[in-house]
Amino acid sequence: MAKAKNKKKKLAEHISNKKKLQKTKSLNPFEIHINKQKMKVLGQKLKHDRGLPGVSRAKAINKRKGTLLQEFKLMNKSNKFLDKRIGEKNSGFTEDDRAMARYAAVRIKAHKKASIFNLANDEVLTHKGQTLNEIEKFDDPKSDDDDDSLNEGNTGKLESDFVGDAHFGGGVLTNTGSEGFKSHKDLINQLIAESKKRKAEKQKNKEQTLELTEKLDEEWKDLIPLVNRSVKTAEDRVQEVSEVDDYDKVMRELRFEARGQPTDRLKSEDEIAKEEKEKLEKLERERLSRMKGVFNDSIKTVPHRSADDLDDDFAYDSEPEVTLAYNEKGESNIVSDKSRQVDVEEVQDFNNVEEDNDESEDCDTASEDDLSDLKHESSSDDEGNDTNVVEVEGDEMEEEGNDEELNGISKNDIKTDLLQRKKVMEKARQELPYTFELPESYSDLQEVLKNRSPEYHSVILERMIKCNHPSLAESNKEKLGLLFVYLLQYIDDLNFDDDINSCFKTFACLLPHIFDLAQMNQANAQKSILEVVKEKQKDYRKNKRRYPGPSVLLFFKLISCVFPTSDFRHPVVTPSIVFIDQMLFKCKLNTRKDIAYGFFLVNLILEYTSLSKRYLPSAINFLAGLLHMAIPKNTVQRIRVLPPFKSTSNSLALYRKESTLKMSLKLEPTDLIETEITDDFKVRVLYNALKIISEFNYNFKEFASNREIFALIVKYLELIPIDHYNDNMQEEMKNLLSSLKATTEKKLFYLMAEVKRPKALRLYEPNIQKVYDFKKHKVLSKEKAERAKLLHKIKMEKKGALREIRRDNSFLGRVKIKERIQSDKQRQEKVKRIFAEANVQQSELNAMDRKNKRK
Amino acid sequence: MSNSEKPTKISKILRTKAQEFLSSHKYADNLVDIIKHFESGADLSACLLSLELIFTNLLKERHMFIQIIPLKPMEATPELQYKEWLRNIYTECFNKILNCCESAPAKIQVQAISTAMNLISFEAKYPLENKLNFKGYLPLGKLKAALMKILSIKHNTSHLTQKYEEYFVYDDVIFFTWKILPLLTAKSNPTELYIINYLQLMEKLPVKKNTQSKIVCCVDEESTKTNFHFDQIKVKRYLNKVWNCMMLWQHTPVTHKQLLIVLLEQVLPHLDKPLLMTDFLMDSLDVGGPISLLALQGMFTMIQVHNLEYPKIFAKLYSMFEPEIFHTKFKARLFYLSDLFLSSTHLPGSLVAAFAKRLARLALIAPSEDIIIICMFIGNLILRHSGLKCLLNHPTGASASADPYIMDESDPLKSNAINSSLWEIQTLQNHVLPSVATAARFINSPLPSVEWDFTKILDNTSDDIFDKEIKKNSKLIVLAFDRPNGLALNRGEKISLHWNI
């Protein structure tokens, strides 16, 4: 072990020593040039304090010899040969060695990595330079292979006897002397000429046949129509001559008629219904998002994100799949429909918010079932899925709304009412003319609608809109917008003091058409209704203690039909709610019509918020005030109540037992104009107030502080003497009290701020400080600085390149001059030699001359 | 036509008559005619104007001036007699003019008082007699008579006070009014109307002299300084005298309130012994409503300026937050004051929590504009007192069966509010109005570092909210998509459930 280490160490030392030696060897002190420094700075490292000019020059020259010189040598030469034969340059190889090496190289090449596992075809077999695969394709149909086999005479090959003669000498018998002896060379020539001739002939034949077939084909094509025609001509002529048939005429006409473009097929009723449904669902979704307003944007909890989330919004289904499992008792964890229904009933019993009627038509429908189930779930696990609950509630309240509507109006009533209405409408339809012009001015509209019953109004408007539908003419849209404004004015001008019932009926008949008109020109509708609200509010401001006329109520009702009242903020609905709020807080309540008016407003608030379940203090305050009014008060005792109610007022209190049992407990439109407060009215107001309170209670059941909201109402409710009222009312009051108490008794969860997500530490830019280098740098913008830097670099590079070029030139100059000198030298030597030879010749000549002379 | 022209004609006639009278002694009868016309009660304003014209000119020309030289008996010259006659008529007329202030229509009353004041000012400038010792002289008797009309026992004289207020630009008018006031102050219980009139005057009457000293009784500018000296100490003495009398009167709620306003705005800084007011203020605190609110403000200045110690002040303030305050005119003042009171950061957390909680409760029944203020107020309280954060963020997050806060407890320290949570604000996030709902959302996010400034919106009304919502004219046009069937909506229909329509 130690030995090995030692060995290694030695090796390393040896190498380093060698390197050192090399270095020291090259470091000739005479070659070192030292740049003198004016000022010495301690610790400063200088790049250029010493240099080796000789060495570096030699290096540069060597480099040029490798590159520039080579190029120079090859200058003006278009190509060159490179001998890449293996072993050619190696003089140590013998001829055999070279052949061996070459063969080995070929074999190695064949066994390259790609073909190492290819066992089947090491070499590709070829025939006539073509691979066998290619030949087997039989591409050419005019291949002459079969011709070859059929008749040899036609092939380009030599005849057998000729071959026999030529190759085998033919024998003695055939060799007649008449032809004389031909030299072998002649024979061969003849043979070649013969075979060439035959080949040419064969080629010629082949081309000729091809040409002929083609020609034949073409001629045949020309003939075809003639052949067909010739059969039918006679009949055709007869038909043409015999006069043109009606049928044909029609047929031809039909043929040249513009054909209908292919379109999508007509949709079946199911599909239309489905589309309609989808559209409505989309609208509903939008409405819900608007209802939530800005609220949920900030509250929205960030869904769980795994560490591997790629920000591509891909997520597994958030709902965990529940695997079916059984507990000890043998019940499955997936609740079957039956057990669900049981749950629903439990929940309903527990809540007991709904009216008695609710119980009668227990939730049979599947959707209801699901919802209640979810409701149950949400109450059990509370915080788990907030967003989910909200959505579910949205759906739930629709259902609820529908249900209650159905409950409230008994179905039979509706039916008979509708039937009657239909009859009247039918009658109106028959009596009225079918077309109506759009009114040019408001007085025109009044003229048309004057002295007509509400049903007639409806029909007239329907026809008016139909005849002037915006799709019929461009200008109709604006005109219908005007009609909309006129209708608003018409509602405003309804004479409520005469017959308020018919006014309301007229309004009800107009309402669907107003809705249609609003849909046709939405911007106009919104603008004009907003103007109306503004105007009414302006009128109201003059006397804030008095309710404005009943027409305002109609407008509010219209708004609730035309606009989505559940929106968080709506340009028309929100101002009208502010208006209602003002009236409920400010207006005095002295007479029957005031009370009825206020009650209508509260009812409107209930309607506006029935989907969004929002809270308005003034509405609850008003209801509490109504209850307060129903408490009989003696002079000593004072029960506090909030303005605008007076603590002494007891105008709704019953002092004797209510006698008559009324059929309808609903409020009447006439209550809005009469002033005297009757016992009947007292009971009806109270009854409806109780109903509305219970509905509000249902709406607010999720609120944390609904106990405080309803505290006053509960207090007053307990003070109302129950025995003055009939059984129905007593029942109602008891129910309400118990349900109020039930909803207010619930757990309150302390407010908690949302847990803040830990914030990632901020990543700072590395703090790089510049070293002061005695140079003044201009303060430039980033781009300019970059540019300046680049320019500087270019300049330096340019200088460097110029220097290199200069050195190249000098190098080349040196090479040229060397060559020149060398060639001069050679020439001189040649001249010298020639002179020397000439001298020798001369001397020889001279010597001969002298010899001759001597002779 | 005759009706419309008649008064102008008569006024023209009266005017020419007056001018004729002034032109020469010959037309002395004209004066008698005018006075007779005046007494008849017709065309009062024209008569008043012409009388004013006559007498101001007479005073200017010194026609009624009688030189009194001491120790020299008067000589009964016809001129002197004429002067005497004029003076008699003048005093008579003055009284008659003032009598107009009682019965005539309001417009005439105002004119009468202005005529009277004009005459007084002219008399001050051109006195009827030469008084040697006192040059800056205002006819005190006449001024007193005028003031008596203003402090009427039978009528509400707010319009007269208003007219009279115009003369308070003159220092001497102020000074002499103060001088006369103690004489006119009733010692025993006066009528309510008198008190109201008195307080109205007191409310307007400045205690200090104006910055530009202008006086009525100067003919030229130079004499201003020499003639008259506004004695602040004397005025203070008069004021104290008057105030002591006023405190003895029996006050109805209306006058009580007015008295407090006058006390706070005018009198309190000038009283000799303001601490004597403490009892009065404390009694007022117990009355309730706006009176106690005003008393509270008084108490605040007493505590702040005069070092009064009154430990139960917060309990009083606390008891003032009743549901009824939203229907008073003073709610803005109450919010402002309570913000002042609770601005100290050294108050115990439980006390401030009680306030916050009570405000939150009130917000449940308050009008929309007030809910916004309350939300900001509560936010500010929590900002000032970090201990209150537990109202928004419970340390452990438990649940309670009912709100531990006791609303009926009168002592804020015992109300147990600090153990509660602001559920009311959470509920109010579901308010119908978007502006309110957003205001209540402050509890969802971390509180800002700077307090909300709600002084600007203290006087907002629901009309302002209405206008704001109208102006917020969003471009988005959204209509409902369910076609109503007759009057009934397809869903959420509530009206026809309760109305037989």
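This is a predicted model: local features need pLDDT of at least 70, side-chain atom pairs count only at pLDDT 80 or more; totals for chains, interfaces and linings use all residues.
Chain A contains 30 helices and 5 strands. Of its 855 residues, 20% are buried. Among contacts in chain A between residues at least 6 apart in sequence, 67% link residues at least 24 apart. One span of chain A carries a record-based label. The unreviewed UniProt entry annotates residues 192-219 of chain A as a "coiled-coil region". In the model this span is 100% helix and 0% strand. Its end C-alpha atoms are 41 Å apart.

The largest nonpolar core comprises 230 residues. Within this core, V562(A), L623(A) and A356(B) have the most contacts. Helix α20 of chain A, residues 500-520, is the element that gives the most to the core, with 12 residues. The surroundings of V562(A) draw on both chains. Leaving aside neighbours within four places in sequence, V562(A) contacts I514(A), F515(A), A518(A), A525(A) and I529(A) from chain A. From chain B, V562(A) contacts L479(B) and A480(B). In soluble globular proteins, nonpolar side chains tend to be buried together.

The interface was examined next. In total, 62 residues of chain B are in contact with 80 residues of chain A. On the chain B side, the elements giving two or more residues are β1 (399-400), α19 (423-428), α21 (462-471) and α22 (495-498). Of these, α21(B) gives the most, with 6 residues. By class, this side of chain B has 30 nonpolar, 22 polar and 10 charged residues. Strand pairing also crosses between the chains. Strand β5 of chain A, residues 748-749, pairs with β1(B) in the antiparallel sense over 2 bridges. Here F749(A) has S399(B) as its bridge partner.

In chain B, helix α14 covers residues 289-306. Its 18 residues should span 26 Å at 1.5 Å a residue, and the end C-alpha atoms are 25 Å apart, so the two values agree.

N307(B) follows α14(B). This residue lies in the loop between α14 and α15 of chain B. N307(B) counts as exposed because it has 8 C-beta neighbours inside 10 Å, and the limit for exposure is 12 or fewer. Phi of N76(A) is near 65°. N76(A) sits in the loop between α3 (68-73) and α4 (95-110) of chain A. With 6 other C-beta atoms within 10 Å, N76(A) is exposed. Most residues other than glycine have a negative phi.

A439(B) belongs to helix α20 of chain B, residues 434-439. Not counting residues up to four places away in sequence, A439(B) touches I371(B), I372(B) and C375(B). A439(B) and I371(B) are 68 residues apart along the chain, yet their C-alpha atoms are separated by 8.3 Å.

Key. Residues are numbered from 1 along each chain as its sequence is written. Chains are lettered from A and ligands numbered from 1 in the order in which they are written. A nonpolar core is a set of buried Ala, Val, Leu, Ile, Met, Phe, Trp, Tyr and Cys residues joined through C-beta atoms within 7 Å. Helices (H or I, at least four residues) and strands (E, at least two) are DSSP runs, numbered from the N terminus. Two residues are in contact if their C-beta atoms, placed from the backbone, lie within 7 Å. UniProt positions are given in the numbering used here, feature names are shortened, and annotations may be inferred rather than shown by experiment. Ala, Val, Leu, Ile, Met, Phe, Trp, Tyr, Cys and Pro count as nonpolar, Asp, Glu, Lys and Arg as charged, and the others, Gly among them, as polar. Two strands pair if DSSP finds at least two bridges between them. The expected span of a helix is 1.5 Å times one less than its number of residues.
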